[in-house]
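Please consult the sequence and the three-dimensional view while reading.

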Amino acid sequence: AGLAAHLKTGPRLTDPQSAYPGMRLAWSREIDAGGRRFAVLPGLRLVPLDKIRATAPLAPLRRKIDDKTSLPQARTLWWEATRYGFTARGFVPQGKLNQHTWLPVTAKVRIGRRMRLLETTTHHYVARQDVAIFRKRARPRGVGPTDKWVHIDIYDGSLVTYLGDTPQWMTPVSVGLHGATPKAEFRTPPGRYRVSSKSISSTMAGSISGGGTWRTREVPWVAYYDGSYALHGAWWHDRFGRPRSHGCTNLTPGDARALFDWMDPPLPKGWYTVTSKPGKRRGTTVLISP
């Protein structure tokens with residue numbers, strides 16, 4: 001495919017640039033020009049629609065936590081998971097679980113042949129690698145009983161929002177490709193942070209050791225908390241629940257927007273970006289554990 005630069009006067013296209021196969025694109029509108037239909041990209045560049053394949057919008061994955069939804073919970077990932085029963089012969093498959101099935105689980109873990117298994121409250125088991133896990137976390141010191149805060153568990157692939165001691169909602173997330181591995185290139189550093197700024201969208205870019213760079217435009221619903229590390233929407237993959245990113249925490253765009261709107265500092269009406277200020281616009285606490 002070819003990327004065409006800004007439209008000049010009239011429907012004439014100029015200054016074509018190359019686009020590599022598999023390139024991910026986001027656009028806000030479409031136009032007709034030169035007998036073809038084009039998607040308008042950020043920066044007013046164009047790409048012909050007959051050279052790209054549109055994907056369906058990702059559905060939100062979050063679930064509200066209420067009196068009927070106690071923690072811990074597990075959610076099967078984007079593939080089918082096997083349900084096991086425990087018998088005298090060991091673990092026996094007892095059917096399949098659909099993608100994105102919520103499962104109440106206990107704290108019990110058993111070691112099977114080549115895998116770890118979680119016990120459900122119906123006394124079945126599911127392989128640890130097939131689910132994201134959501135557990136209740138104690139309120140950090142310094143966070144008040146009515147304060148908002150967010151917990152991200154790197155290993156479990158999960159995010160839970162809280163008001164004081166009360167969990168509000170949960171969703172699977174994708175953290176850095178290398179998890180919390182110290183000094184790894186694409187890691188998500190554990191720690192306690194505060195949201196420092198929020199933007200409706202942002203361009204993210206970086207370099208890769210050994211050569212090469214990457215750039216993603218129009219990353220949606222971005223909440224920075226430590227330098228270039230952020231919580232944000234990801235429209236370019238659907239592998240939530242497993243490590244995937246360069247170090248940020250990825251959510252579906254719908255879940256990212258819900259989190260963006262919920263977290264402080266609030267974005268004033270008509271603004272595109274807001275920064276936190278101690279004592280005035282204080283950012284929400286973000287706790288990340290390995």
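## Basis and overall architecture

Helices (H or I, at least four residues) and strands (E, at least two) are DSSP runs, numbered from the N terminus. The model is predicted, with local features requiring pLDDT of at least 70 and side-chain atom pairs counted only at pLDDT 80 or more, while totals for chains, interfaces and linings use all residues. Residues are numbered from 1 along each chain as its sequence is written, and side-chain values use heavy atoms, without hydrogens and water.

The chain contains one helix and 23 strands. Its C-alpha trace spans about 75 × 50 × 40 Å along the principal axes. Of its 290 residues, 45% count as buried; buried means under 20% relative accessible area, exposed over 50%, and partly exposed in between, with a 1.4 Å probe and protein chains only. Among contacts (heavy atoms within 4.5 Å) with a separation of 6 or more, 52% are between residues 24 or more positions apart.

## Strand pairing

Strands of a sheet pair through backbone hydrogen bonds, either parallel or antiparallel. Here two strands are taken to pair if DSSP finds at least two bridges between them.

E7 pairs antiparallel with E10 (residues 102-112) over three bridges, and alanine 74 stands opposite leucine 103 in E10. E7 also pairs antiparallel with E13 (residues 131-134), over four bridges; there, glutamine 73 has phenylalanine 134 as its bridge partner.

## Nonpolar cores

A nonpolar core is a set of buried Ala, Val, Leu, Ile, Met, Phe, Trp, Tyr and Cys residues joined through side-chain atoms within 4.5 Å. The largest has 23 residues, of which Ile152, Leu159, Leu231 and Leu259 touch the most other members. Two or more of its residues come from each of E14 (148-153), E19, H1 and E23 (285-289), and H1 gives the largest share, five residues. A separate core of 13 residues includes Trp78, Trp102, Ala132 and Tyr162.

Beyond its neighbours within four places in sequence, leucine 159 has contacts that include Phe134, Val150, Ile152, Trp169, Leu231, Leu251 and Leu259.

## Pockets

A pocket is an open set of points on a 1 Å grid over the protein atoms alone, where a 1.4 Å probe fits, with protein on both sides within 12 Å along at least five of seven lines; lining residues have an atom within 4 Å of a point. Grid points are joined across faces, edges and corners, and a volume is the space filled by probe spheres set on the points. The largest pocket holds about 1000 Å³ of space. Its lining has 38 residues, with Met204, Trp214, Arg215, Thr216 and His246 closest to the centre. Strands E2 (17-18), E18 (197-207), E19 (213-226) and E20 (229-233) each give two or more residues to this lining, and E19 provides the largest share, eight residues. By class, 18 of the lining residues are nonpolar, 13 polar and seven charged; Ala, Val, Leu, Ile, Met, Phe, Trp, Tyr, Cys and Pro count as nonpolar, Asp, Glu, Lys and Arg as charged, and the others, Gly among them, as polar.

The second largest pocket holds about 800 Å³. Leu25, Ala26, Trp27, Thr55 and Trp235 lie nearest its centre among 27 lining residues. E19 and helix H1 (253-262) each supply at least two residues of that lining, which divides into 18 nonpolar, four polar and five charged residues.

## Backbone geometry

Most residues other than glycine have a negative phi, and most peptide bonds are trans. The bond from leucine 71 to proline 72 is cis, with omega near 10°, and proline 72 is placed in the loop between E6 and E7. Aspartate 264 and proline 265 are also joined by a cis peptide bond, with omega about 5°; proline 265 lies in the loop between H1 and E22. The C-alpha atom of proline 265 is 8.9 Å from that of lysine 280, a residue in the loop between E22 (273-275) and E23. Lysine 280 counts as exposed because its relative accessibility is 71%.

Glutamate 218, in strand E19, has a positive phi of about 55° although it is not a glycine. Its relative accessibility is 31%, so glutamate 218 counts as partly exposed. Tryptophan 221, found in E19, has a positive phi of about 55°, and this residue is buried because its relative accessible area is 16%.
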